[in-house]
Amino acid sequence: MHIELVIAKLITVGLGLLITYKAYKGYRTYGSEPMLYVAIGFLFISIGSVIEGVLFDVLGLSIFLSGTIQTAIVAFGMLIILYSLYGQLPQQANEGESP
């Protein structure tokens, strides 16, 4: 195991979890539902950034299967963040229109 890679992965996870925390805090403070999805998305991306090594080294899965699982987790996190950008838009009342 390369210590430099482990340090880089820990920094990546730390940054991802910090973004997750700040987004969740924004959700709690302002009630912004998209920020909740950003927090969940970054949580998946953070987990995905280290899961390949864990699956390969600890569980003994093949590097192909470990990489496939990692890619799926990261892609799912990105889809959640994308949903936060394009998902449920707030309903705005149109003035001058009758119901």
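The structure is a predicted model, in which local features need pLDDT of at least 70, side-chain atom pairs count only at pLDDT 80 or more, and totals for chains, interfaces and linings use all residues. Residues are numbered from 1 along each chain as its sequence is written, and side-chain values use heavy atoms, with hydrogens and water left out. The protein chain holds three helices and zero strands, in the order α-α-α along the sequence. Here helices (H or I, at least four residues) and strands (E, at least two) are DSSP runs, numbered from the N terminus.

**Overall picture**

- Of the 99 residues in the protein chain, 22% are buried; buried means under 20% relative accessible area, exposed over 50%, and partly exposed in between (1.4 Å probe, protein chains only).
- Among contacts (heavy atoms within 4.5 Å) between residues at least 6 apart in sequence, 55% join residues at least 24 apart.

**Annotated spans**

- An unreviewed UniProt entry gives the annotation "transmembrane region" to residues 6–24, 36–56 and 62–86; the positions follow the numbering used here, feature names are shortened, and annotations may be inferred rather than shown by experiment.
- Residues 36–56 are 100% helix and 0% strand, with 31 Å between the end C-alpha atoms.
- Residues 62–86 are 96% helix and 0% strand, and their end C-alpha atoms are 36 Å apart.

- Serine 49 sits in helix H2 (residues 33–58) and counts as buried because its relative accessibility is 11%.
- The side chain of serine 49 reaches the backbone oxygen of serine 46 at 2.6 Å.
- Leaving aside residues up to four places away in sequence, serine 49 touches Lys9, Thr12, Val13, Gln70 and Val74.
- Valine 13, in helix H1, is buried too, with a relative accessible area of 18%.
- With residues up to four places away in sequence again left out, valine 13 touches Ser46, Ser49 and Val50.
- Valine 13 and serine 49 are 36 residues apart in sequence, and their C-alpha atoms are 6.9 Å apart in space.

**Two residues of helix H3**

- Serine 84 belongs to helix H3 (residues 63–86) and is buried, at 12% relative accessible area.
- From serine 84, the side chain reaches the backbone oxygen of isoleucine 81 at 2.5 Å.
- Serine 84 also touches Pro34, Tyr37 and Val38, not counting residues up to four places away in sequence.
- Alanine 72 lies in helix H3 and counts as partly exposed, with 44% relative accessibility.
- The C-alpha atoms of alanine 72 and isoleucine 45 are separated by 9.8 Å, and the two residues are 27 apart along the chain.

**The largest pocket**

- On a 1 Å grid over the protein atoms alone, a pocket is an open set of points where a 1.4 Å probe fits, with protein on both sides within 12 Å along at least five of seven lines; lining residues have an atom within 4 Å of a point.
- The largest pocket has a volume of about 390 Å³, the volume being the space filled by probe spheres set on the points, which are joined across faces, edges and corners.
- Its lining has 15 residues, of which Leu5, Lys9, Gly53, Val54 and Asp57 lie nearest the centre of the largest pocket.
- Helix H1 (3–30) and H2 are the elements that give two or more residues to this lining, and H2 provides the largest share, eight residues.
- By class, the lining has nine nonpolar, three polar and three charged residues; Ala, Val, Leu, Ile, Met, Phe, Trp, Tyr, Cys and Pro count as nonpolar, Asp, Glu, Lys and Arg as charged, and the others, Gly among them, as polar.

How values were computed. Polar contact = N/O pair within 3.5 Å; in protein donor to acceptor, adjacent residues only side chain to side chain.
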